[in-house]
Amino acid sequence: MEERDIAIQITGLKKQYRLGVIGGGTLQGDIQSWWARKRGKDDPNRKIGTKKHHKNETFMALDGIDLTVCKGERLGIIGHNGAGKSTLLKILSRVTGPTEGRICIDGRISSMLEVGTGFNPELTGRENIYLNGAILGMNRAEVTGKIDQIIEFSECAQFIDTPVKRYSSGMYVKLAFAVAAHLDSEILVMDEVLAVGDMKFQQKCLGKMGDVSSSEGRTVLYVSHNMNTIRQLCDRCIVLDHGKKVFDGDVEEAISLYSDIKKGNLSAQVDLRDAKRFSTVNTMRSISFVSAAFLGREENCFKQEDRLKLWLKLDSKIDIEQAKIRVGICDMYDRKVASVLCRDIGAIRKGDNEVTLELSFAGLATGTYRGDLIVFDTNEFGTVKEYDIVLEAFYFEMENKLEFTWNQLKWGPVRLPDMNVIR
Amino acid sequence: MEKKWTTIIVPKRKLLDLRLWELWQYRDLIWLFIKRDFSTKYKQTILGPLWFVIQPLFTTLMQTFVFGNIAKLPTDGLPQFLFYMAGNVPWLYFSLCLSGTSNTFVNNSGVFGKVYFPRLTAPIATVISSGLNLLIQFAMFMGFFLYFLCRGSDIRITWIAALTPLLIIQIAMLGLGFGIIISSLTTKYRDLQALVAFGVSLWMYATPVIYGASTLSPKLFTVIMLNPMSPIIELMRYGWLGSGTTPFFYWGISWITTAVVLFLGVVLFNKVEKNFMDTV
């Protein structure tokens, strides 16, 4: 089979971490333990009640990864926290070694794992460009040849001779990214680097990454929780879960698979008694949500014009005359998008209360959203007293029939009513 | 498949696969580290690089007072001040190299944890940038040397002074060797770090810095000279001031020790650097 040139070939990659504290921490402790073991006695440094072989407990951060990346591919890597994404990138960029397996790489690798890697706060922007370039493997001449481009791209020209300790975090990222983006390496590894920059700069970076990949044939490996940037940048995507590769292929399929893993509870009726609460809500709350459901809906996938019936069950220890309900809506990136209010659900009495509210999410653009539930009350001065705040009470998806895709990141999560032409 | 790979990552590397050629590829990085060390060290200080001079000057003054005037230790017939300073300047360089490189991994874990570059660049840069301290301190020594010479003190330069560069390189190698051994071990055992500070000051007393080796009994002389730093300091002092001992035989042994320590250090460092992120 004639195929494209392979840039990275990973076979049977495993990474094992030992659980618990590694070693005794002090030389004396380790020698004591070793001496005790020699004489067949109990380890004096062992915690009381723990088993002897607790040291052998291990954790597989990566559990047999096979992956082939071709030259010029833009591969997205997604997965939950702890799925092994960062470990994979760390091994690729040789920060830490694998336990088993083999990786063959063709070309120089440069990594942008975190913001401002190797920046020295005392040095100026210009000096840091040289330093960072050298850390990433460029020599002096290469940096000198590109420094103007780098400074221009970073949008920091004005501050380039100021020590970077006076920079804002956004400027830090811009400078760091500018250096890495102008590397000559054939393979570029990025881990959530764009999270800090502003939206405009993010777009600029994604554009630049796309450019270098398509025009110069460079390979990009990109890890992010931000699905839209994955969508924009990558042409192939893998999903990691518990150290294993569970999907490899089309970006959209990968994202929907990942979102499904994340959502989990698209069921009709949700039990809210043990749901996640906002940190200020304590367990002794006087009113609490018991359960919620969208009546008459099989799945939580809504259209603009849908009139929905939200049924709520609350348990109260007090009487309130005029309780209010708010449904807070967040998008997939945890941004608060909107709220829906019911300013009077009537009185709440001690014991179980049920209420059904009619609402619509008209105006929300295509995408997956999360609903929070808040029951509150106001006094005569208008001060809000919140009795219960349930986070992530339900997830839902908005369908939006358009003949083109609504790019939520660029266009925003709210779609106001369409404009009409007046003649 | 007969494809030519640039890099192959496998779990275990051979013990002697030291990849020293990578250091050459990253020579610009070493240079930039040196520049960074130097320009950041004394930013926002009042006296700036003057601190390089103050430290050995005051140490020497104290030693002249305590060991020379109060304890009245013999100084091979040399002016006390110059005698102590000739010992202090190389010793301070050694202790700076050792303590500077001994926390390489812990200090740099931030950068090391994110990108790969040959880790040895960091301690090597430390040793070289410390060399600048040495240079300034040596210039100060030369100043006092000329002053005493003009006043007609009984001092003279011998041909051994020509060995100075060699001696300094050896100090750097020895400091680097011990430093990286300690830094490799501190990734796991932090208590070694505490040992360094006071270990170095104890070590000074096992080295003829504040006393001349000529005052020792033959038996003690042998023991002290097995300390690799001893012949270096003695030769340095003899070279510039023309009094003391010239233990060339022990200097040979000292070179062997240096080579062994540095080699062991590099091997150990190399072994640790690959997975140190998991234990640091």
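Is H5(A) mostly covered or mostly exposed, and how many of its residues are buried?

Guide: The model is a predicted one. H5(A) is mostly covered, with 11 of its 13 residues buried. The buried residues in H5(A) are Met171(A), Tyr172(A), Val173(A), Lys174(A), Leu175(A), Ala176(A), Phe177(A), Ala178(A), Val179(A), Ala180(A) and Ala181(A). A residue is called buried here if 20 or more other C-beta atoms lie within 10 Å of its own.

The length of the helix can be checked. At 1.5 Å a residue, the 13 residues of H5(A) should span 18 Å. The expected span is 1.5 Å times one less than the number of residues. The end C-alpha atoms of H5(A) are 18 Å apart, which agrees. As for direction, an α-helix has 3.6 residues a turn, so residues three or four places apart point the same way.

Next comes the cover. The elements over the buried residues of H5(A) include strand S5 (109–112), H3, H4 and helix H6 (199–216) of chain A. Three of these names, H4, S5 and H3, lead on to other parts.

Take H4 first. The loop between helix H4 (140–154) and helix H5 (169–181) of chain A holds Glu155(A). Glu155(A) has a phi near 60 degrees, which is a positive value in a residue other than glycine. Glu155(A) counts as partly exposed because it has 16 C-beta neighbours inside 10 Å.

In chain A, 6 strands form an open sheet in the order S5-S6-S7-S3-S8-S9, and the pairing is mixed. S5 and strand S9 (244–249) of chain A are the edge strands, each pairing on one side only. From one strand to the next, the twist averages 15 degrees.

S5(A) runs parallel to strand S6 (residues 187–191) of chain A, and 4 bridges join them. Met112(A) has Met190(A) as its bridge partner in S6(A). S6(A) is in turn joined to S7(A) by 5 bridges, again in parallel. Across that pairing, Leu188(A) is opposite Val220(A) in S7(A). On from there, S7(A) and strand S3 (residues 74–79) of chain A pair in the parallel sense, over 4 bridges. Here Gly76(A) is opposite Tyr222(A) in S7(A).

Strand S7 (residues 219–223) of chain A has 5 of its 5 residues buried, so it is largely enclosed by the rest of the structure. In a regular strand the side chains alternate between the two faces of the sheet. In S7(A), Thr219(A), Leu221(A) and Val223(A) point one way, while Val220(A) and Tyr222(A) point the other way, and all are buried.

Helix H3 (125–135) and strand S4 (100–105) of chain A are the elements that give two or more residues to the side of chain A that touches chain B. In total, 37 residues of chain A are in contact with 30 residues of chain B. S4(A) gives the largest share of chain A's side, 5 residues. By class, that side of chain A has 16 nonpolar, 13 polar and 8 charged residues.

S4(A) and strand S1 (residues 7–9) of chain B are antiparallel, with 3 bridges between them. Ile105(A) has Thr7(B) as its bridge partner in S1(B).

Chain B itself has 13 helices and 1 strand. Of its 280 residues, 42% are buried. One helix pair in chain B is H4(B) and helix H7 (residues 121–150), which pack with their axes 9 Å apart at an angle of about 170 degrees. Angles over 145 degrees count as roughly antiparallel, and H4(B) and H7(B) are therefore roughly antiparallel to each other. The contact of H4(B) with H7(B) has 17 nonpolar, 6 polar and no charged residues. Among the residues that meet there are Phe81(B) and Leu82(B) in H4(B), and Phe145(B) and Phe148(B) in H7(B).

Lys72(B) lies in the loop between helix H3 (50–70) and helix H4 (80–101) of chain B. Its phi is near 55 degrees, a positive value in a residue other than glycine. Lys72(B) is exposed, with 9 other C-beta atoms within 10 Å.

Methods:
Residues numbered from 1 in each chain as written. Chains lettered and ligands numbered in written order. Predicted model: local features only at pLDDT ≥ 70, side-chain atom pairs only at ≥ 80, totals over all residues. Buried ≥ 20, exposed ≤ 12 C-beta atoms within 10 Å, placed from the backbone. Contact = placed C-beta atoms within 7 Å. Nonpolar A, V, L, I, M, F, W, Y, C, P; charged D, E, K, R; others polar. Pairing = 2+ DSSP bridges. Axes fitted to C-alpha atoms, helices over the stretch in contact; angles between N-to-C directions. Parallel < 35°, antiparallel > 145°, perpendicular 65-115°, else oblique.
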